[in-house]
Every structure is written in structure tokens, then in C-alpha cells.
Amino acid sequence: MSAENRTRFGKTSKDIAQDFAEQLKYSFDADVYHTTPEGHYQALAMAIRDRIIHQWDLSRKTQRAKSAKRVYYLSLEFLMGRAMTNNIINLGIEKQVKEALSSLGYKLEELMDVEPDAGLGNGGLGRLAACFLDSLATLELPAYGYGIRYNYGIFRQQIKNGWQAEQPDNWLKDGNPWELKRPDLVYPVYFGGEVKYIRENGKDTFKWVPAEQVNGMAFDTPVVGYGGKTINTLRLWSAQAPDEFSFSEFNSGDYTEAVRNKISAENISQVLYPNDTGYMGKELRLKQQYFFVACSLADIVRRFKRDGKYDWKKFPEKAAIQLNDTHPSIAVPELMRILIDQEGLSWDEAWEITEKTFGYTNHTLMPEALEKWPVSMIEKMLPRHLQIIYEINSRFIQKATSYFPLQHDKIAKVSIIEESSPKMVRMANLAIIGSHSTNGVAALHSNLLTSSMFPEFNLIFPEKFNNKTNGITQRRWLLDANPLLANKITEAIGDGWVTDFSQIAKLKPFADDKAFRDDFAKIKYEAKVTAANFLKKDCGIIVDPSTLFDVQVKRIHEYKRQLMNALNVIMIYDRMKNDEAYRNSFPPTTFLFGGKAAPGYVNAKLIIKFINNIARVINSDPQVNKIINVYFMPNYRVTMAERVIPATNISEQISTAGLEASGTGNMKFMINGALTMGTLDGANVEIAEEAGEENCFIFGHTESQITALKNNYNPEEWIMADEGIRRVMELVESGHFNLTEPGIFEPLIKSLTEYGDKYCVCADLRMYNDRHNEATDLYKNSFDEWNRKAILNIAASGKFSSDRTIQQYADEIWHIKPCKVKKSTTDSVLEDAKKPQIIKK
């Protein structure tokens with residue numbers, strides 16, 4: 001096709017086919033003898049990226065020209081998943097891309113499957129950050145996401161003899177065609193050394209003389225808003241040594257020493273969450289946190305000072321920095337250091353700016369999960385920052401004392417410094433004191449933050465605390481993940497829900513439409529077929545799409561109670577073995593588990609083994625295996641979630657009440673028409689409020705009941721008082737699920753008995769089993785009613801869009817407005833390619 005007959009980077013199928021072919025030829029020198037699936041995927045990705053670049057540039061220029069306030073979202077995790085389909089859908093060119101590839105003999109689905117997941121996160125925290133970036137761009141709010149470009153993301157999970165085995169996830173081995181390396185954006189980051197006190201011009205100053213330097217280089221990934229108007233940036237930092245290696249040491253024959261500094265520097269961005277059970281691991285994690293914070297703040301300050309005309313008092317009017325959990329909270333003393341030591345502001349001026357700039361999101365109700373670092377470690381690594389932290393604390397304690405006179409216990413609780421052995425720096429306290437906003441992520445969570453976790457801070461700073469219930473992007477988790485259902489919804493109510501999810505409420509009347517319910521049932525079955533095909537190809541699991549799918553997929557942790565789910569499965573299995581009527585009344589069901597355990601979390605890994613052993617026994621038992629099957633899906637990740645969640649009937653959200661901050665998996669299942677089996681914990685409370693408890697299966701002790709129960713809780717009494725639970729425990733203790741591995745599950749048994757059942761599994765198990773039986777009865781005997789409830793859940797899910805969450809952040813915390821970007825119709829590459837003019841100072 002000649003240049004005269006096609007538009008450069010046009011969006012017709014012919015334009016895209018031509019650009020794909022040119023990328024294959026000129027970027028990869030591909031022909032029939034030299035071609036790979038990876039090359040095909042990368043060629044398409046680069047052809048799509050070419051259609052992003054100009055609008056991306058225009059977004060930045062527009063925001064700059066309008067002097068728009070930006071939000072900077074600092075997160076140690078961004079669990080982005082695959083980018084291809086999300087970018088294609090948000091650009092509005094899915095049909096054209098499919099036609100272009102088909103004309104050349106390719107299928108989009110085949111090329112998509114080559115892309116590795118960008119697994120730069122551990123679970124909900126990182127996936128939330130990814131949803132937020134999508135919403136920020138779609139709402140046309142100027143934003144940057146800042147994080148670390150880990151060479152190895154969350155580990156690839158294998159199952160060997162039932163045990164989790166961690167394998168490195170080398171997601172960058174073939175490169176990442178979506179990112180752009182920015183060699184012009186490199187910032188030095190310093191560690192160690194000493195602080196010198198200097199008196200200059202009648203003023204006390206402090207000079208940090210560091211001992212070590214690491215450089216951070218930016219790698220940018222475009223974040224395409226739906227409609228392709230605003231394209232924001234995810235900027236990830238890669239650690240590099242200032243010098244590649246010592247040439248003199250290399251020449252002298254000391255090859256290892258010659259590259260030691262390079263390896264040490266690059267280790268910082270090597271792996272997501274290095275094992276921090278030892279001192280070296282803890283030190284590396286703290287280095288990671290400061291590294292990305294220092295690079296990000298340097299970049300934010302550079303942007304603020306860019307035109308040379310700036311007033312530091314206006315910094316909070318141009319920048320809102322959100323700390324996603326405590327990981328980036330070292331940003332508080334870092335910004336103070338920049339303002340005082342580098343910019344020459346007074347303490348009071350710097351503190352006012354800092355407090356107005358930062359917002360902090362808390363993500364946990366478990367005190368042991370709040371980050372603390374040894375004072376000695378910070379002193380060694382960041383001596384100037386420790387000085388600043390002590391000064392912040394000293395001034396704050398003076399204020400706190402006026403609220404709690406002679407109440408040393410309360411002063412000790414709010415102090416940034418924990419007077420333990422060793423002394424620790426409490427990062428959550430630092431984040432609360434150093435920000436103007438502290439928000440929880442669900443109504444229950446936010447209430448518990450002020451009433452149970454931080455009541456003293458709430459008394460001092462009542463204006464700081466607020467709630468922002470989490471959300472998910474419907475574009476990824478419905479439009480992209482479940483296209484058949486998305487099309488059916490659009491057919492019924494129009495496509496306004498894609499950008500205004502409150503419109504999903506229009507679906508409610510269709511729950512009473514028999515034809516619509518029948519179509520919904522067919523779509524759910526097709527989703528199960530898709531999931532079954534994926535699982536067979538991905539991990540060799542064979543599931544029957546005609547069965548009920550009961551799914552629990554999330555990080556493996558005792559408070560999330562995968563163990564209780566497993567015990568309930570044994571309860572069902574045991575009853576089936578002894579009760580023919582029950583066996584015959586039970587709908588054919590596939591129980592699916594998925595999730596990763598932290599490498600150092602012994603009991604979590606043992607729970608995975610337990611589930612796999614249960615699966616082996618049940619799946620090989622001819623008396624029950626035509627009715628129930630159990631599978632643990634290895635290597636749960638975003639791509640697997642996108643296949644399994646649309647296929648699910650029962651969504652297991654069964655954490656101990658009062659311990660799950662919010663959850664977002666519960667929302668993904670809800671918008672895809674699964675019914676929630678859940679405790680009144682986290683966002684489950686609001687899901688039940690929106691959908692109606694009659695359309696969920698709520699069970700278990702509430703948070704207040706759990707608190708009261710623990711005052712006099714003896715789990716063995718609960719076990720002995722219930723024959724079904726007692727039989728389950730006896731079956732496990734007998735070795736029925738570990739005949740060749742005697743005693744391996746003893747730690748799990750003891751956790752439920754001798755060690756006090758910290759997460760109240762025994763107290764909730766009977767209620768759980770009863771509700772589960774109600775659910776399976778409804779599914780088998782009133783399938784049409786089940787589908788009516790499922791549609792009502794979808795219609796009630798409008799609150800749980802991340803668009804709503806982000807709009808609340810924008811209005812109530814960040815105070816930023818949309819910056820409208822015109823859709824680009826021209827490509828000014830020649831103008832942008834002109835050699836920059838050197839401006840004489």
C-alpha cells in the first residue's frame with residue numbers, strides 16, 4: 001500500500017495490517033524462515049503502541065500547557081497483567097485489529113496468549129493500583145503512577161507433590177514492547193555515610209555525606225483511558241550502578257570485585273519482595289522503598305521547577321502525592337529533606353507543604369502487618385532521614401501531650417518511635433502524622449481504623465480520617481474479561497455503563513425477564529467452557545463446564561481462611577460417603593482454589609499442600625468423584641483470573657470478620673454474576689447492602705461478636721459440640737489425607753486446637769457449611785431463581801467501580817480536576833523531531 005493511500009498510524013484494518021507487516025519486516029527481519037510467536041506478538045504490540053504515542057505526547061503537552069495539578073500515585077506494587085487487549089479495547093480498535101490479523105492469517109487470541117503477565121505485585125494492593133490508573137486516565141485526571149521496574153515479578157508458582165515450589169518470573173526475558181526507556185531521566189539515590197552539622201550565614205544546616213550511590217532510570221508505560229483521549233504514564237524505576245565496573249580491578253584479575261558494585265546496585269530492582277525473614281532481606285526491602293521514593297520525588301520536584309518560575313508555597317496546588325500503604329511512607333522525611341536541605345526552607349514552611357501534599361491509604365487491620373523498621377537500620381542507611389523523623393516525632397509528641405496529659409501509654413502508642421528492643425520506626429504513624437488525609441478502603445475498615453487501630457490519632461486528627469471504598473475497573477473485569485456478558489448488557493441497556501457504571505442499575509428489571517435469564521445462563525456456561533479450555537492448556541486441569549463452579553482465589557493467608565473452605569469440602573465429602581440421599585441431592589460441583597503463599601509463610605504453604613491432598617483423595621474416590629471434584633490451580637495471576645472469574649457461580653469471601661480491609665476480588669465476581677458466600681467483613685458488608693442479603697449467602701460471627709468471643713474462646717468445645725466438625729477433625733487426624741506422609745498436617749490441627757484457633761475457623765465452620773448447603777440446594781432445585789439473583793447482583797454492583805472511588809479521591813483528597821485532551825487527528829512527528837534549540841542562560 002502506497003503512502004498516498006493510507007493514513008500514517010491510521011485505525012482502519014488495512015492501516016493496522018500494513019503497520020504490523022512493516023514491524024515484522026523492519027523491526028524483526030521476519031520471513032518464513034525466521035519468525036517466532038514472540039516476534040508476532042511484539043510486532044503487533046509495537047503497531048498498537050505507535051497508535052498510542054502521539055496521543056500520549058499530546059496528553060502531556062496539554063496538561064503542561066494548562067498547568068494542571070497532577071496526582072502522583074506511589075505504590076511498591078502494580079499488578080498490571082497483560083496490556084494488549086486492554087489497550088486495544090480502550091483505543092476502540094478491537095474489530096479493526098482482528099480484521100487486520102485475519103487478513104494475514106493470524107488470530108488476535110493466539111498473539112495475546114504470548115504476552116507474559118506484568119506481575120509486579122503480590123495481590124489486591126497491586127491490582128487496585130492498576131485499576132486506579134485505568135480510572136484516572138478514563139476520567140481524564142492528570143496522573144503518574146510511580147513504582148519499581150522489577151526484573152523478576154511475583155514468583156511463578158509450581159505444585160510439586162502438592163507443595164508450592166517458587167520459580168523465578170523472568171517476565172522481561174523477551175523485552176517489554178509497551179515500555180519506553182528514558183535515559184534522559186536518571187536520578188542519583190544515596191545511602192549510608194554521615195550527616196555533618198554546618199553553621200552558615202547564621203543558620204544551622206545539615207549536610208548529608210553519603211557513602212553509596214545508585215542511579216534510578218525511568219521506564220515509561222502508557223496508561224490508555226477508555227476512548228483513547230487521555231493517556232497517562234506509569235513510570236517505573238530501574239536501579240543501575242553509576243559505573244559499569246572497575247576497570248583497574250578487572251585488569252588486575254579481580255573479576256568478582258570489579259562488578260560487585262554493579263550487582264549490589266542492580267539488586268535493588270531485581271526482585272519483587274525479597275524474602276525479608278533475615279536482616280539482609282529487610283535491608284534490601286527498605287532500600288527498595290527509599291530508592292523508588294527518592295527517584296519519584298526528584299522527578300516530581302524537577303517537573304515543578306521546570307520553567308524556573310516557581311513558588312514552593314504553591315507546590316500542593318500542583319502536586320497531590322498518594323501513599324499506597326506504608327511502603328512509600330519514607331517519602332515524608334524525604335520531601336522534608338529536599339525542602340530544608342536543598343531548597344533552604346524553614347522547618348515550619350517545609351512541614352506545611354509536606355502535610356498538604358501527602359495522602360495516605362491504609363490497607364490493613366492487622367497490627368503485625370503495619371511496617372516497622374529498626375532505628376539502627378535507618379540510621380545506617382538513611383542517617384539524615386532518621387534525624388528528620390526524630391524531629392517530626394518530637395514536635396508531634398508535644399502536641400499529643402496536650403490531648404493526653406500524664407497518659408504515657410497513649411503517648412507511647414502514637415509515637416513514631418516504638419521504645420522496644422530494638423527500637424523501631426512505625427511507618428504507619430509517620431504516614432498519618434505527615435499527611436493531610438488517612439483513608440480506609442471499606443466502610444467497616446475505616447470505622448475500625450478510628451475505633452480500634454488508631455483511636456488516639458482520630459482524637460488528635462479527626463479531620464484526617466475518611467473512607468474510600470475500593471473499586472475495580474469494569475472495562476477490564478467485564479468488558480474485556482467477559483465479552484459475551486458485556487455485549488448482552490449493552491444490548492439490554494446501552495453502552496453507557498462502560499464509563500458510568502452507575503447505569504448498570506438499569507439492568508435490574510431484566511432479572512425478571514425469562515428470556516434474559518436464559519441467555520445469561522447460556523453465557524455463564526460459555527464462560528465455563530472458556531475457563532475449562534484455559535485450565536487444560538495452562539496447567540493440565542480437566543474440569544466439567546456443566547458443574548457448579550465454587551471458587552476461592554486470593555493470596556494464601558490464615559485470616560483469609562482457605563483452611564475453613566478445605567474443611568467444609570471434607571465435611572461435604574464425609575457426609576456424601578455416609579448419606580446416599582445427600583449425595584444424590586448435591587449438584588455436581590467443581591471446587592477451585594488458587595493463590596500464592598509467601599515463600600517464608602510455613603502454614604500458608606502447608607494449607608496448599610492440604611488442599612492438594614484433599615483433591616487427590618476426593619478426585620480418585622469413585623463413590624463421590626462424579627459429583628464433586630477439587631483442584632488447586634497453580635500460578636494464579638491476572639490472566640487466570642480473567643478466565644476463571646466470569647465462569648464462577650459461588651464467590652468465596654470468607655475471611656474472619658474484622659481482618660480483611662476491603663477485598664476487590666469480591667467485586668470482580670459480583671459484576672460477573674457470581675453469588676457471594678461471605679462473612680460480614682471488608683467490602684462484603686457493602687456488597688450485601690447493595691445487592692440485599694437475600695441475594696448473597698452471608699454467615700459467621702460479626703466483627704463485634706468475634707471480639708467478644710475471643711475473651712473466652714475454647715475451639716475444642718466448638719469441635720466436640722458439633723458431630724460434623726468432630727468427624728472432620730478425626731478424619732484429618734487419622735491420616736486419611738496423608739497416609740504416606742504421617743504427621744505433616746499436625747501444625748494445622750494444632751493451630752485450630754492447642755494454639756487457640758486465632759482466626760475462629762471452628763466457630764464459623766458450622767454456619768458456613770449450613771449456608772453452603774442452602775446455596776447448592778438453590779442452584780440444583782431453583783436454577784432460574786439462582787440466575788435471577790445473579791443478575792440482581794450485577795445490577796447492584798455500580799458502587800464498586802474504581803471510577804467512583806477515584807472521583808471521590810479527586811474531589812475530597814486530591815482536589816484535582818479533569819484536564820480535557822483533544823483527540824489527535826494529525827501526527828506532528830517532523831515538528832517533534834527538530835533539534836532542540838539551546839537556550840542561553
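**Close-up views of a predicted model**

**View 1. The lining of the largest cavity.** By class, 16 nonpolar, 8 polar and 6 charged residues make up the lining of the largest cavity. The model shown here and in every other view is predicted. The count of cavities of 30 Å³ or more comes to 4. The largest cavity holds about 400 Å³ of space. Its lining consists of 30 residues, and those closest to its centre are Met80, Gly81, Arg82, Ala83 and Thr221. At least two lining residues come from each of the following elements: strand S2 (78–81), helix H3 (84–91), strand S3 (118–120), helix H6 (124–138), strand S10 (212–224) and strand S11 (231–240).

**View 2**

**View 3. The open sheet of 9 strands.** The strands follow one another in the order S7-S10-S11-S4-S1-S12-S13-S17-S18, and the pairing is mixed. Strand S7 (180–191) and strand S18 (465–467) are at the edges and have a single partner strand each, so one side of each is left without a neighbour in the sheet. On average, neighbouring strands in this sheet are turned by 25° against each other, direction ignored. Where do strands S13 and S17 pair in the parallel sense? The 3 bridges of this pair join residues 358–361 of S13 to residues 437–440 of S17. In this pair, Gly359 stands opposite Ser437 in S17.

**View 4. Two helices against the sheet.** Helix H2 (residues 37–65) lies across strand S1 (70–74), strand S4 (143–148), S7, S10 and S11. The direction of H2 is at about 100° to S11. Helix H6 also packs on the sheet, where it touches S1, S4, S10, S11 and strand S12 (319–324). The direction of H6 makes about 55° with that of S10.

**View 5. The crossing of helices H23 and H31.** Helix H23 (residues 562–578) and helix H31 (residues 723–733) have axes that come within 9 Å and cross at roughly 100°. H23 is therefore roughly perpendicular to H31. On the H23 side the contact is made by Leu567, Ile570, Met571, Tyr573, Asp574 and Asn578. On the H31 side it is made by Gly724, Ile725, Arg727, Val728, Leu731 and Val732. By class, the contact of H23 with H31 has 8 nonpolar, 2 polar and 2 charged residues.

**View 6. The crossing of helices H13 and H15.** The axes of helix H13 (residues 347–357) and helix H15 (residues 383–403) come within 13 Å, and they cross at roughly 85°. H13 is therefore roughly perpendicular to H15. Trp347, Asp348 and Trp351 of H13 make the contact with Ile388, Glu391, Ile392 and Arg395 of H15. The residues of this contact divide into 4 nonpolar, no polar and 3 charged.

**View 7. The hairpin of strands S8 and S9.** Strand S8 (residues 194–200) and strand S9 (residues 203–209) run antiparallel and are joined by 7 bridges. Val195 stands opposite Trp208 in S9. The two strands, S8 and S9, form a hairpin with 2 residues between them. Asn201, in the turn, has a positive phi of about 50°. Most residues other than glycine have a negative phi.

View 8. S15 and strand S16 (residues 424–426) pair in the antiparallel sense over 2 bridges, and Ile417 has Val425 in S16 as its bridge partner. Pro422 lies in the loop between S15 and S16. The bond joining Ser421 and Pro422 is a cis peptide bond, with omega of about 0°. Most peptide bonds are trans.

**View 9. Leu406 in its loop.** Leu406 is found in the loop between H15 and helix H16 (408–414). Its phi is near 60°, a positive value in a residue other than glycine.

Terms used. Residues numbered from 1 in each chain as written. Predicted model: local features only at pLDDT ≥ 70, side-chain atom pairs only at ≥ 80, totals over all residues. Heavy atoms only, no water. 1 Å grid on protein atoms, 1.4 Å probe; cavity = no way out; pocket = protein on both sides within 12 Å on 5 of 7 lines; lining within 4 Å. Points joined across faces, edges and corners; volume = space filled by probe spheres on them. Helix = DSSP H or I, 4+ residues; strand = E, 2+ residues; numbered from the N terminus. Nonpolar A, V, L, I, M, F, W, Y, C, P; charged D, E, K, R; others polar. Pairing = 2+ DSSP bridges. Axes fitted to C-alpha atoms, helices over the stretch in contact; angles between N-to-C directions. Contact = heavy atoms within 4.5 Å. Parallel < 35°, antiparallel > 145°, perpendicular 65-115°, else oblique.
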